[in-house]
Amino acid sequence: MKKRKGEDEPWAPEPEVMAETTDIEGRWRDLDRLLLRPGILVGPGFEPGIDTRDMIRNDCRVLVIGAGGLGCELLKDLALTGFGNLEVIDMDTIDVSNLNRQFLFRMRDVGQPKAKIAAERVMERVKGVNVVPHYCRIEDKDSSFFDQFQIIVLGLDSLEARSYINAVVCGFLEYEPDGSPILTTIKPMVDGGTEGFKGHARVIIPGMTPCFQCSMWLFPPQVTFPLCTLAETPRSPAHCIEFVHLIQWGQDRTGETFDPDNPEHMKWIYEQAAKRAEQYSISGVTYSLTQGVVKNIIPAIASTNAIVAATCALETLKIATMCSKGMEVFMQYTGTDGVYMRTFQNEKDPNCIVCSAGVPVEVEATTTLQKFIDVLLKDSRFKNKISKPSVSLQGENLYMQAPPILEEETRPNLLRPLRTLMGGEGGILNINDKRLKGILRVQVIFKTTDVDMDTAGGG
Amino acid sequence: MIKLFSVKQKQKEAAESANGRAPVKKQSPGELRVQKDISELNLAKTTSISFPNGKDNLLNFEITIRPDEGYYQGGTFVFTFQISQVYPHEAPKVKCKTKVYHPNIDLEGNVCLNILREDWNPVLSVNSIIYGLQYLFLDPNPDDPLNHEAAEVLRENPRQFENNVRRSMAGGYVGGPGAFK
């Protein structure tokens, strides 16, 4: 029996491979170990070879959202891993309080946009990487901007931002009529989050794993206090701060919108809260607690960010190259007493209003909205589930059964061709009905008929 | 785990096919859910809804309540509703646009209603909030006050409270330390 080449020998890269690079010797030795040879722990369809390595260096475009605690770590990790084309977007400027962990920034950078400085520093330290900064909000970018990237990595700090980007990315997702996602429309995301000693990393493959909306219901509600408690019987420093923030601001500074990023506004809240606390003999109001209560800021720790970002960067490498089996699908990290990590599966919500396939419904190309509703009512799949449905397309209410003012306004649409209302092609419609627990997503497919070229009208 | 990127396929080709997609206006999950709430609204004849930003912006609307019984009979009160992107994870922000002499509504329009704050849960809806607001006018609660003077008057002297409400709704002046016009 012939031994396979190299079975007993320590592995070394082929000489031709080494000669191609102009980097310092051994720069990609670790990456090459993962990408240049087959193995038993690799992901499905893994193609070992320099093409894979060159793909992540030259062709794969990765977007990092956020250049803060997680963002700095992510940019460093991804650049050092070998990704050659990175872009970063962040709407914030650098603050002194960031410097304990956002290591790409220095005292002299305070006031500058985070994205700009982060990009500069990474390019200085990692030879050959290109990082393009964007100093703006993610809402300011068109969805076509996000479409240019193969993988999007999130280092965000709020539910709203995650919900927004999730809706954008899942909006690219399309399904075959049989309910399977079309692979070329899937844009994977890797989402990381940290809060003090705790953090998470998750992989979102739209159409296959749960999206952010699928598991939204698992988040605990935000802590809110009754307004009357704040007004009548404050007992904690947080009560005093919230009273000033929510009630006293409106009374004493009428007309001014409170801006949590304005230091003067925050200082005013702190001073008034301290006065109120003294009045009620409550201790503990500090400027940093004020920031915490008003902006929901929790003290951040460098190690948590490092651990979560490293996990995310590794998953990004796996998604891009299949060099190892990917995370399925959610990792929780706790560092309060020792170090604890737990990875678990969860299922996609088949009725998710953002990422689910939608029940396919075929209709004639010339059907009107009213006829479409009639088709739905007669469809046995929806028997007893809908009685007086309202229909909407992304961003537009086509027909609302209630309230009377909207019903009147949308009634003319009933007689219009559905295809025109949908912009000329099939797609997803949202159906609401009293009998439905949630929203019914329907994938409208217009029947194509052979057109006689002689009789086909113009346009 | 599924293979999404093939090294053999040059990214330029992928980019070309991707650019063909026209950007579509996105609806946030909050908007989708509030659409459901609004299409199922069960408004009493004392309540009406209006959409200052048009029929396609359901995130900001106004509810008008005209109580036909109780202390506030005959009055007209307008509430603004602001729905967030992550509704129903967060409660809607509701404020009273009309100046009202009420123990649970202050002069800036803040409304003290438990389901708007600590008792909100995602199973509730715009309908539930409207019921809660109507209830505030039928049964003002002096034990949870935002307007202390009004609460005190209601507790000590309901007849005086009734008169104060009548006077304030007619545009009169209701005196006291928190002078109400």
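Contact here means heavy atoms within 4.5 Å. This is a predicted model, where local features need pLDDT of at least 70, side-chain atom pairs count only at pLDDT 80 or more, and totals for chains, interfaces and linings use all residues. Residues are numbered from 1 along each chain as its sequence is written, and side-chain values use heavy atoms, with hydrogens and water left out.

**View 1. Where chain A meets chain B.** Let's begin with the meeting of the two chains: 80 residues of chain A are in contact with 47 residues of chain B. The area buried between them (accessible area, 1.4 Å probe, lost by two parts on being put together, summed over both) is about 5,600 Å², and carbon and sulfur atoms give 60% of it.

**View 2. A salt bridge between A:Glu47 and B:Lys3.** A salt bridge pairs a side-chain nitrogen of Lys or Arg with a carboxyl oxygen of Asp or Glu within 4 Å. The closest N and O atoms of A:Glu47 and B:Lys3 are 2.5 Å apart, and the count between chain A and chain B is one salt bridge. Turning to chain A, helix α7 (residues 159–170) gives the most to the side touching chain B, with six residues; helices are DSSP runs of H or I, at least four residues, numbered from the N terminus.

**View 3. Helix α2 of chain B, residues 29–39.** Eleven of the eleven residues of this helix are buried (under 20% relative accessible area, 1.4 Å probe, protein chains only), so helix α2 is largely enclosed by the rest of the structure. Among them are B:Pro29, B:Leu32, B:Lys36 and B:Ser39.

Key
Chains are lettered from A and ligands numbered from 1 in the order in which they are written. Buried means under 20% relative accessible area, exposed over 50%, partly exposed in between (1.4 Å probe, protein chains only). Helices (H or I, at least four residues) and strands (E, at least two) are DSSP runs, numbered from the N terminus.
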